[in-house]
Amino acid sequence: MAAKKLKPHVVSDDAYKRALLKKVRLASAVVEELDRRALGQKARDDDAGDTERRHRAQGTIASALEKLKALGVHDDECESARAAANAVLEQKLKKRAAREREAANEAAKRQRRSDGASAIGTVKSDAAWALHAIAKTASGGADARAMDTKEIETRARATAADAEHVNLKTCNAALWSIAKIASRLNDENTCAQALGKAFEALLRRSAAFSARETDARAASTTLWAAASTQRTTVGAFTDDGAMRRAVNVAAEALAANADKANAQDAANALWGAAKLRRSLDPACARALIATLTTTPVVTDGTDGVKLEELTIALWAMATFAGDGMRNVRACAAPLMKRAKEATKKPKTWSPQAIANAAWAAGKLATTSGDDTEDDATHSEACVKDAKQLVTSLIPAAKLAALTAQGFAHVLAAAAAVAVDATTAVDA
């Protein structure tokens with residue numbers, strides 16, 4: 001069977017003309033781009049590739065124009081093709097320039113953040129403040145399971161994403177919030193993991209603020225939140241290095257702002273540092289104690305020092321004593337005296353305050369002193385007040401619903417300071 005002959009494909013003149021005009025447009029665009037590039041930069045030694053591309057493009061244009069001329073295409077139609085190519089190139093270059101400006105702006109923002117220029121923060125973070133509202137509910141006694149752990153998890157992930165850019169107020173509110181929720185969170189590993197990663201991101205953000213930008217409240221909150229979260233399921237998902245870094249920065253900022261702390265900040269800072277076993281500068285500790293001992297003790301919710309704040313500060317100083325802090329009894333003497341004076345109203349003492357004060361008094365009274373000569377007198381006064389405090393706490397303990405551990409603290413303190421046996425037995 002004879003092979004079937006294929007008809008040759010004949011290209012019409014119009015199609016051929018369109019193809020040639022397209023070649024002119026594309027090659028003209030290459031030449032124009034290379035010309036603009038040459039004008040926008042200094043002569044280079046390695047521009048041989050550009051020169052070769054220009055020669056090829058110009059050769060393509062010349063060849064296409066010659067063939068178009070043979071087809072009877074007028075010069076003005078060829079010029080229109082080249083003008084169209086230039087217009088397309090113009091749009092292309094504008095878009096490229098816009099992308100480059102955007103990239104440069106983003107790079108500048110990142111550089112400012114790394115230099116600390118944007119430490120004041122630019123994001124309030126709705127997710128962080130939503131966690132704050134949830135934590136307020138938790139403070140009222142609800143547990144995290146009743147508050148919908150799925151919502152907490154969602155808010156935590158969004159907070160972690162926002163953390164790098166939040167301002168100081170938002171950062172500390174979120175740290176406080178996660179610490180509060182963590183204390184009531186049950187075995188919800190997915191939720192705890194999300195909270196842990198958000199907490200870690202916030203700690204890194206907290207460490208980015210300078211001492212000049214960080215106030216006493218912020219430093220105190222960081223210490224308190226880190227101490228409160230450390231041994232929870234949330235803390236298990238938080239990087240230890242990030243926590244140590246944030247705690248160290250907070251302690252340094254606190255030393256620069258200790259005299260500006262209010263009573264709550266002072267108590268929380270002392271408790272947090274002691275719980276974390278992070279020693280404070282002696283001058284810082286004295287400034288915080290001065291705030292606690294010069295502010296009136298209150299029991300009605302008004303502004304002042306609450307007994308719980310006074311006693312957790314005393315507990316902190318006793319913990320520092322166990323860690324070997326020098327002159328600790330002399331430093332704690334004003335606190336011990338203030339606590340002793342507060343026992344004149346035994347009904348105002350909560351079980352937790354009694355247990356904290358009793359343990360601290362027993363610890364400070366029996367800690368072997370390494371006091372300097374100048375502080376020896378204050379140290380002796382601290383031991384004397386500790387004995388009087390424990391003696392006065394025994395009647396208060398009779399009125400309070402102490403836990404077994406709290407009752408054990410009172411009896412151990414009574415033995416430590418050698419309270420009269422009859423008084424202790426009556427308890």
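**Helix H13 in the predicted model, residues 307-322**. With 16 residues at 1.5 Å a residue, helix H13 should span 22 Å, and the 23 Å between its end C-alpha atoms agrees with that expectation. The helix is mostly covered, 14 of its 16 residues being buried. Just after H13, Gly324 adopts a positive phi of about 90°.

**The crossing of helix H5 (residues 149-162) with helix H7 (residues 189-208)**. The axes of the two helices come within 8 Å and cross at roughly 25°, and because this angle is under 35 degrees, H5 counts as roughly parallel to H7. The crossing of H5 and H7 is left-handed.

**Residues in the contact between H5 and H7**. On the H5 side the contact is made by Thr149, Ile152, Glu153, Ala156, Arg157, Thr159 and Ala160, while H7 contributes Thr190, Cys191, Ala194, Leu195, Lys197, Ala198, Ala201 and Leu202. Sorted by class, the contact of H5 with H7 comprises nine nonpolar, three polar and three charged residues.

**Helix H15, residues 351-366, and its buried residues**. The 16 residues of H15 should span 22 Å at 1.5 Å a residue, and the end C-alpha atoms, which lie 23 Å apart, agree with this value. The buried residues of H15 are Ala353, Ile354, Ala355, Asn356, Ala357, Ala358, Ala360, Ala361, Gly362, Leu364 and Ala365.

Conventions: Residues numbered from 1 in each chain as written. Predicted model: local features only at pLDDT ≥ 70, side-chain atom pairs only at ≥ 80, totals over all residues. Heavy atoms only, no water. Helix = DSSP H or I, 4+ residues; strand = E, 2+ residues; numbered from the N terminus. Expected span 1.5 Å × (residues − 1). Buried < 20%, exposed > 50% of the residue type's maximum accessible area, 1.4 Å probe, protein only. Axes fitted to C-alpha atoms, helices over the stretch in contact; angles between N-to-C directions. Parallel < 35°, antiparallel > 145°, perpendicular 65-115°, else oblique. Left-handed = near helix turned anticlockwise from the far one by under 90°. Contact = heavy atoms within 4.5 Å. Nonpolar A, V, L, I, M, F, W, Y, C, P; charged D, E, K, R; others polar.
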